[in-house]
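Q: Can you walk me through this one? I'd like to ask things as I look.

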Amino acid sequence: MLFRSVLRDFGLVTIRRDLTVSRVREAFDDEGRPQDPRLEPRAAGFVDELLWMTRVLKEGRRRGDG
């Protein structure tokens, strides 16, 4: 949490979700498909939140809120 406050001090925006993949070479097969079935829903949640924040920031800038 401390790191997030440092990033905000630099004017950056963070989202709450993260997407970490340990042992990347083992996490995906030769075609790039994840070996852990939990990875796809986690990735989808991360992308959904990232896109949501992108829309919020874009709308805020359009209206001049920031």
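Q: Let's start with R33. Is R33 buried, partly exposed or exposed?
A: R33 counts as partly exposed, at 47% relative accessibility. Keep in mind that this is a predicted model.

Q: What does R33 form a salt bridge with?
A: With D29. Their closest N and O atoms are 3.0 Å apart. D29 is partly exposed too, with a relative accessibility of 22%. The cut-off for buried is under 20%, so D29 does not count as buried.

Q: Which residues are linked with them in a network?
A: The network of salt bridges links D29, E31 and R33.

Q: Why would such side chains pair at all?
A: Opposite charges can pair when the charged atoms of the side chains come close.

Q: How many salt bridges does the structure hold?
A: Five. One of them joins the side chains of R17 and E49, at 3.5 Å from N to O.

Q: What does the R17 and E49 pair tie together?
A: Parts that are 32 residues apart in sequence. R17 sits in the loop between α1 (2–9) and α2 (24–27), while E49 belongs to helix α3 (residues 39–63). R17 is partly exposed, at 44% relative accessibility.

Q: And R62 and E59, how far apart are they in helix α3?
A: They are three residues apart, which means about one helical turn separates them. Their side chains meet in a salt bridge of 2.4 Å, N to O. R62 is exposed at 61% relative accessible area, whereas E59 is partly exposed at 32%.

Q: New topic. Which residues make the nonpolar surface patch?
A: L2, F3, V6, F10 and L12. The patch covers about 590 Å².

Q: Where is F10 found, then?
A: In the loop between α1 and α2. F10 counts as exposed, with 67% relative accessibility.

Q: Zooming out, how many helices and strands are there?
A: Three helices and zero strands. The chain is more spread out than a compact globule, because its radius of gyration is 16 Å, well over the 11 Å that the globule rule gives for 66 residues.

Q: What box do the C-alpha atoms fill?
A: Roughly 45 × 25 × 15 Å, along the principal axes.

Q: How much of the chain is buried?
A: Buried residues are 9% of the 66 residues. The chain exposes about 6000 Å², and carbon and sulfur atoms supply 55% of that area.

Methods:
Residues numbered from 1 in each chain as written. Predicted model: local features only at pLDDT ≥ 70, side-chain atom pairs only at ≥ 80, totals over all residues. Heavy atoms only, no water. Salt bridge = Lys/Arg side-chain N within 4 Å of Asp/Glu carboxyl O. Helix = DSSP H or I, 4+ residues; strand = E, 2+ residues; numbered from the N terminus. Buried < 20%, exposed > 50% of the residue type's maximum accessible area, 1.4 Å probe, protein only. Patch = residues over 30% accessible without salt bridge, like charges linked within 9 Å, V, L, I, M, F, W, Y side chains within 5 Å. Areas by Shrake-Rupley, 256 points an atom, 1.4 Å probe, with all protein chains shown as cover. Rg over C-alpha atoms; globule rule 2.2 N^0.38 Å.
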